[in-house]
Number of protein chains: 2
Amino acid sequence: MPLVVAIGPSSFAAKDTTPLQMLTDAGIEVKGNPFGRRLTEAEIIQHLEGVDGLIAGLEPLNRKVIASAAPRLKAIARVGIGVANVDFDAAAEFGVKVSSTPDGPIAAVAEMTVAALLNIARGVEPMNAALHRGEWKKIIGFGLIDTRVLLIGYGRIGRRTGELLRAFGAELLIHDPYVDPASLTHGEKAVSLDEGLAEAEVISLHAAGEDCILGADAFAKMKDGVVLLNSARGGLVDEAALVDALNSGKVAATWFDALWQEPYTGPLTQYDQALLTPHVGTYTRQCRGGM
Amino acid sequence: MPLVVAIGPSSFAAKDTTPLQMLTDAGIEVKGNPFGRRLTEAEIIQHLEGVDGLIAGLEPLNRKVIASAAPRLKAIARVGIGVANVDFDAAAEFGVKVSSTPDGPIAAVAEMTVAALLNIARGVEPMNAALHRGEWKKIIGFGLIDTRVLLIGYGRIGRRTGELLRAFGAELLIHDPYVDPASLTHGEKAVSLDEGLAEAEVISLHAAGEDCILGADAFAKMKDGVVLLNSARGGLVDEAALVDALNSGKVAATWFDALWQEPYTGPLTQYDQALLTPHVGTYTRQCRGGM
């Protein structure tokens with residue numbers, strides 16, 4: 001009897017079938033995601049019937065799901081960096097091994113962050129939309145040279161983002177309580193959160209954890225006309241405080257890839273100053289292939 | 001009697017009044033562009049009445065204009081890199097000095113080129129538009145790592161663009177008949193135009209001159225699904241051949257900042273695959289300030 005592997009993420013091998021080919025070449029029977037979207041608890045329970053392994057996305061892999069799939073289910077291989085959707089205690093109890101791919105997303109998320117910043121800095125989206133309507137509307141933007149960027153969180157994605165921004169000549173402020181200032185050897189300046197908020201022209205979130213970092217108090221400390229980038233998690237920012245900051249002009253423009261609810265239909269969709277992407281920081285051919 | 005300086009470009013000091021302040025602090029009387037757009041021949045002739053110097057944009061500075069402004073007009077200072085709008089023979093004949101600012105635009109144009117490429121590579125514009133319509137539509141794009149980019153023209157803007165692309169991990173092919181392959185010391189590969197067209201996944205134009213480089217023959221030699229970037233001049237590309245290539249899918253996506261006519265209302269405005277910006281490669285606060 002061949003091994004059966006179920007696929008969780010609807011995007012798995014969507015652009016490049018090499019990963020699927022590797023599985024079938026190894027004699028593995030592949031059970032694709034039949035819904036083309038993230039599975040619910042009931043759906044993943046059904047999807048895991050008669051399955052030996054799961055290539056997992058963000059579907060709920062809680063105790064109930066793992067218990068129902070055991071003892072046949074032996075391994076969960078998460079395609080991506082986050083594993084908050086996996087109940088590790090239940091996995092250990094039922095003998096299910098869990099792996100993830102922390103390296104894959106770094107380059108992709110950092111690139112997406114720079115893509116969003118350049119888009120906002122140069123007004124690409126509004127000028128393109130205007131030209132497609134027949135309007136020739138020039139916007140004077142800002143270059144990244146000498147632009148002061150605060151990176152909140154300087155782990156691997158933050159560091160790669162910083163490396164790219166330095167190539168453009170940006171000046172980096174770093175706030176990360178877990179980073180030794182002596183390790184900042186590329187001209188970055190370690191700052192407290194308050195110092196960083198007061199000095200930055202651009203703020204980019206690359207922090208771990210689930211706690212809200214930027215609430216109304218934090219927005220009040222920022223420069224007028226700041227640009228806020230969030231590729232990490234919606235919950236790091238207070239949504240209502242951000243909306244107030246957009247209304248007042250405190251925040252001139254913002255990019256969110258990680259939102260408070262997904263799919264997101266909230267108030268930011270009403271703001272031209274909000275560049276929004278649907279949690280695709282890791283959506284490159286190279287990154288998905290590597291994972 | 002104070003010196004009088006007329007301003008040509010409607011964008012001069014629009015975002016940052018420092019340059020104006022510098023002129024007035026020097027006791028110079030400044031005569032702003034009264035139309036808020038590029039002046040016609042008749043308008044610039046009128047604008048130059050009683051003027052000692054011109055801070056010039058792309059308005060026509062032909063023999064008739066220069067003759068009518070002389071002998072009072074003594075200097076034309078072009079804010080930008082191109083001086084094709086200036087009749088140098090007439091300027092020499094009437095004793096008018098001409099200067100330009102070739103360094104200012106380099107960083108700005110290179111950044112804009114990378115901004116456009118990242119935007120196309122990651123599908124930022126269509127995903128943002130979808131989310132603002134309430135649609136959660138994920139696109140798997142491509143990262144720049146290991147992406148093969150052909151730079152046609154490797155002068156200062158091409159080199160700066162290449163430097164930025166290398167920071168993202170792109171592989172560079174260089175076609176520039178004026179560049180000694182021995183001077184390519186950063187892993188770039190010198191190629192003939194035909195080799196480059198056949199191998200590149202992305203092609204970016206940074207060539208000087210006015211001759212068409214990419215006609216129907218050249219498109220036929222490109223990889224299917226190539227991305228074409230043009231920040232240099234519209235005339236380097238045959239517009240009809242490009243439209244055919246978009247229709248056939250030969251060119252998957254394109255960005256044009258320099259167009260065949262400006263303001264541009266031509267066929268590219270009908271293509272979602274065409275990212276269009278209104279000749280704003282140099283439109284950053286830093287660049288316009290520097291110039």
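The backbone oxygen of A:Val109 sits 2.8 Å from a polar atom of the A:Thr113 side chain. This is a predicted model, in which local features need pLDDT of at least 70 and side-chain atom pairs count only at pLDDT 80 or more, while totals for chains, interfaces and linings use all residues. Residues are numbered from 1 along each chain as its sequence is written, chains are lettered from A and ligands numbered from 1 in the order written, and side-chain values use heavy atoms, leaving out hydrogens and water.

**Around A:Thr113**
- A:Thr113 belongs to helix α5 (residues 105-122) of chain A; helices (H or I, at least four residues) and strands (E, at least two) are DSSP runs, numbered from the N terminus.
- With a relative accessible area of 2%, A:Thr113 is buried (under 20% relative accessible area, 1.4 Å probe, protein chains only).
- Not counting residues up to four places away in sequence, A:Thr113 touches A:Thr161, A:Ser204, A:His206, A:Leu229, A:Ser231 and A:Trp255 (contact means heavy atoms within 4.5 Å).

**The sheet of chain B**
- In chain B, seven strands make an open, parallel sheet in the order β8-β7-β6-β9-β10-β11-β12; strands pair if DSSP finds at least two bridges between them.
- β8 (189-190) and β12 (274-276) of chain B are the edge strands, each with a single partner, so one side of each has no neighbour in the sheet.
- β6 (residues 148-152) and β7 (residues 171-175) of chain B pair in parallel over five bridges, and B:Arg148 stands opposite B:Glu171 in β7(B).

Definitions and conventions: Buried means under 20% relative accessible area, exposed over 50%, partly exposed in between (1.4 Å probe, protein chains only). A polar contact is a pair of N or O atoms within 3.5 Å; within protein, one must be able to donate a hydrogen and the other to accept it, and residues adjacent in sequence count only if both atoms are side-chain atoms.
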